[in-house]
Amino acid sequence: MLSVAAPILGAEEKAALSDVVDSGWITMGDRVRAFEQTFAGHHGAEDAVAVNSCTAGLHLIMLALGIGPRDEVLVPSLTFVATINCVLYAGATPVFVDIDSFDRPLISIADAADKCTANTKAVIVMHYAGYLVDRREWRRFASSRGLFLIEDAAHAAGAEQAGTLGDAAAFSFYGNKNMTTAEGGMVTARDAGVLERIRQMRGHGLTSGTFQRFTSQTVGYDVTMLGYNYRMDELRAAVGLAQMKKLSGWNEKRRALTCLYMKRLKELCPGLTLPFTDGEGSSVRPSSYHIMPIVLPEEVDRGVVIRRLKELGIQTSNHYPAAHLLSFYRKHVASVCLSQTEEFARRELTLPLHPRMDELQVECVANAVAKALCR
Ligand SMILES: *Cc1c(COP(=O)(O)O)cnc(C)c1O
């Protein structure tokens, strides 16, 4: 079975893990710090804070920016539910925003503007499939309204300038992302004070960590804020450092495979909509090429296509079911109609894309999609 995503782990990760075991120190220490600095440098950020998931990172961003009860936060509905949950954790109110179009399934500025109220405090943009939202437009939007601009950059590890668009950003290193530590995340923030609050909040709000107390003269600690246990550990940081070395090459491979997909699918399946392509069938915006989404023709039964591809050994998935239509959010968030998001979510299909694939496999999948559509 050709899977939609696959982690790439090998000798380097094994050696890195083995080094940590031999070192005798497995909880947050020097390797976590090195991972933070390497990751920040790679994305053009000053510094970063490692956490145990992107979701934890988003939660801490909400708290560190002072977002809470009575505040409204604009969020896409075409996203993973963590984007929305972090707003609810903080006691604030998520307000769902539609996507721009099928060609550009990113949170819509026009709809976001319509949904601003006196209580709107922030907007969370999500770089769907790894394609960055427009930096300049979103900065202007947020600054003209006095809103915090937050990035859910879970899809965008390695994309140029990801994590530096707005006030703060969270990345994910979950097993199906462009680089992985199995579970893990990273936070960047423009304001050094905000980032330091996040650093302290990740470790129970303590003014010093176990490693600092172990390695320096600091004996005690104070607690100056309500903290959480959202720490990363040395094992994960060691894997993360090993993965960082390969991230650019992997993303370049993803780009090449995506270009080939777009070219072939355009030739073989003219009825498909291929998001993020220009007239030439190639991508036009900065991206980490996280996933390969296509939109099936209106009249096609997606279930049938999924089944036919599965019979040919090709796994597919859906990014994402519209969040505002899921039971929990129907019950706890004000209902809205987001026509573009709903239609996109109904017709979207995600094809296999990961750096272990080769060009022949892309050709096979494109041919299989064509066959599945025209039968
Ligand atoms: C994977 C993902 C998350 C959650 O990341 P975790 O590290 O598993 O918490 C959040 N948002 C988006 C868009 C994601 O794809």
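1. Basis. The model is predicted, so local features are given only at pLDDT of at least 70 and side-chain atom pairs only at pLDDT 80 or more, while totals for chains, interfaces and linings use all residues. Residue numbers start from 1 along each chain as its sequence is written, and side-chain values rest on heavy atoms, with hydrogens and water left out.

2. Domains. Domain 1 covers 11-241 and domain 2 covers 247-374; the bounds come from an automatic or database domain assignment. Their C-alpha centres are 26 Å apart. Domain 1 gives 40 residues to the contact and domain 2 gives 41 residues, where contact means heavy atoms within 4.5 Å.

3. Buried area. About 3,300 Å² is buried between domain 1 and domain 2, and carbon and sulfur atoms account for 63% of this. Buried area here is the accessible area (1.4 Å probe) that two parts lose on being put together, summed over both. On the domain 1 side, Phe102, Tyr131 and Asn178 supply 26% of the area buried against domain 2, more than any other three residues.

4. The interface has 1 salt bridge by the rule used, namely a side-chain nitrogen of Lys or Arg within 4 Å of a carboxyl oxygen of Asp or Glu. Arg285 pairs with Asp134 in a salt bridge whose closest N and O atoms are 3.7 Å apart.

5. His319. This residue sits in the loop between helix 10 (302-311) and helix 11 (327-332); helices (H or I, at least four residues) and strands (E, at least two) are DSSP runs, numbered from the N terminus. His319 counts as buried because its relative accessibility is 13%, the limit being under 20% relative accessible area, with exposed over 50% and partly exposed in between (1.4 Å probe, protein chains only). Beyond four places in sequence, its contacts include Leu78, Tyr128 and Phe344.

6. Ala156. The loop between strand 5 (148-152) and strand 6 (168-172) holds Ala156, which counts as buried at 0% relative accessibility. Leaving out residues up to four places away, Ala156 touches His43, His127, Leu132, Ala162, Phe171 and Ser288.
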